Amino acid sequence: MDHPYLTKEHDIFRSSLRKFLQKEAYPHYEQWESDRGIPRSFWQKLGEQGFLCPDIDVEYGGSGADWGFSVIINEELERVGSGLIGIGLHNDIVVPYINEYGTDEQKQRWLPSCATGETITAIAMTEPGAGSDLAAIKTTARSEGEHYILDGQKTFITNGIQCDLVIVACKTDIDASPPHKGISLLAVETDTVGFSRGRKLEKVGLHCQDTAELFFQECKVPKSNLIGEEGKGFQYLMKKLQQERLVVAIAAQTSCERMFSLTLDYIKGREAFGKRISQFQHIQFKMAEMATEIQMGRAFLDGLISEHIQGRDIVTKVSMAKYKLTETSRKVAGECMQLHGGYGYMEEYEIARRYRDVPVASIYAGTNEIMKLIIAKNLGL
C-alpha cells in the first residue's frame, strides 16, 4: 500500500509489527475466539515491543511518534481479526484523554503502565437507557470533601472485563442547562471500593473482545482523578470523537481489503462446471465492483488521515467515512460470503468470522444514523 503520509521509517515499523503478529497473534487468534478473550500476556508483549501508545511523549513511556504509526498498528491488528479493536481503543481513544487533558501527575501515574500493557484502559459512556444521546446519561458524581461519590451503570464497555483504569462520563451537575454542560470525566481505578463488573456480554461477533457491564455504587473517587475541568467532559468527548471514528473507519477499510483478498484467492482456486469460478463473467463483475468501491474508499480515507495528522478539523468528512466505509464493509462481507458458496458459512473459513464481526462497526462510536445527522447539520440543514 502506498499511503501518502507514510515514510520509509513507517514501512520498517510495519514490517516489524507484521513479524511480531505472525508469531504472537495469527497462530493463536482462533483459540482466543474460542476462549472469548485475549490474554494479558499479549498486551504486555505488545508493550515490550513498543506497539502500545507510540504517540505519547518519551517522558511518559511512549515514543513521541506521529500518528502514522498508530494507523499502521490499527491496520495490522485488523488484518489479524476485528476482535483486537480493544487495543486500538486503548491506544487511540482512551489514553489520548489522559495525554491531552490530564495533569502532569496523572500522566506520570498512569501513562507509563499504559505503554507497557500493565494497565489496560476502557472508556464508559454508554448506559442501558442512554446510547447515542450522551447528554441523557444518569450516572452521577456528587462532591463530598476531597472525593466524588460515583453512582450509576454503564454497558457495552469494550475492555470492560480486563481494564484496570476506566474513564467514566458522569454528571457532576444534574441541574446544568443545557444538560451536557454538567458532564465531567473521572478516571476510576478498578480496585476502587464501590466499583464492580457485571457479566461478560455475549455478542454475535468479536468473540475474543471482552465487553462488559460496569457498576458504580457509592464509588469513592479522589477529586485528583478528574480529567480536565469539571463540566467540560462533553466538550472533550466531542473533540476526541473525530479520532475515534477515524479509527473505526480505518478498521472497516482494512477489513474490506482483507475480505476481498480472501475471496480473490478462493475464486481463483475453486472450480465449478469444469472451470475456475473466477472465469465466470458474473463473478468477475462482482469482484470488479467491489475492487472499485474499496479503492475509492482507500483514497478518501488516506486523504482524511493526512488531514487529521496535520491537525485539521475534519468532523464532517470523518462522519462520512465512518458511515460509508462501515456500510461498505457490511456489503463486502455479504458479497464475499456469497462468492465462497457453502464454504463461506463454515467457521473454518475466515470469511464467516468476518461476516459476524463487521456489522457492529455501523453502531459503535456513534451509529451511522448519527453520522448522517452530523453531516446534514454541517451542510446547513
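Predicted model: local features only at pLDDT ≥ 70, side-chain atom pairs only at ≥ 80, totals over all residues.

Now show the whole of H1, residues 8-24, which has 17 residues and reaches 24 Å from its first C-alpha to its last.

Which residues of H1 are buried? They are His10, Phe13, Arg14, Leu17, Phe20, Leu21 and Glu24. These cover an arc of only 130 degrees around the axis, so they sit on the same side of H1. An α-helix has 3.6 residues a turn, so residues three or four places apart point the same way.

Next, select Arg40 and Asp164, whose side chains meet in a salt bridge at 2.8 Å, N to O. Arg40 lies in helix H3 and Asp164 in the loop between strands S3 and S4, so the pair ties together parts 124 residues apart in sequence. Arg40 is partly exposed because its relative accessibility is 28%.

Move to Lys154 and Glu127, another salt bridge, with the closest N and O atoms 2.9 Å apart. Lys154 and Glu127 are both buried.

Then select Glu350 and Arg258, which form a salt bridge at 2.7 Å, N to O. Glu350 is in helix H10 and Arg258 in helix H7, 92 residues apart.

Last, select Tyr343, Tyr345 and Met346, a nonpolar surface patch with about 350 Å² of accessible area together. Tyr343 is in the loop between helices H9 and H10.

Methods
Residues numbered from 1 in each chain as written. Heavy atoms only, no water. Patch = residues over 30% accessible without salt bridge, like charges linked within 9 Å, V, L, I, M, F, W, Y side chains within 5 Å. Areas by Shrake-Rupley, 256 points an atom, 1.4 Å probe, with all protein chains shown as cover. Salt bridge = Lys/Arg side-chain N within 4 Å of Asp/Glu carboxyl O. Helix = DSSP H or I, 4+ residues; strand = E, 2+ residues; numbered from the N terminus. Expected span 1.5 Å × (residues − 1). Buried < 20%, exposed > 50% of the residue type's maximum accessible area, 1.4 Å probe, protein only. Arc of directions from axis to C-beta.
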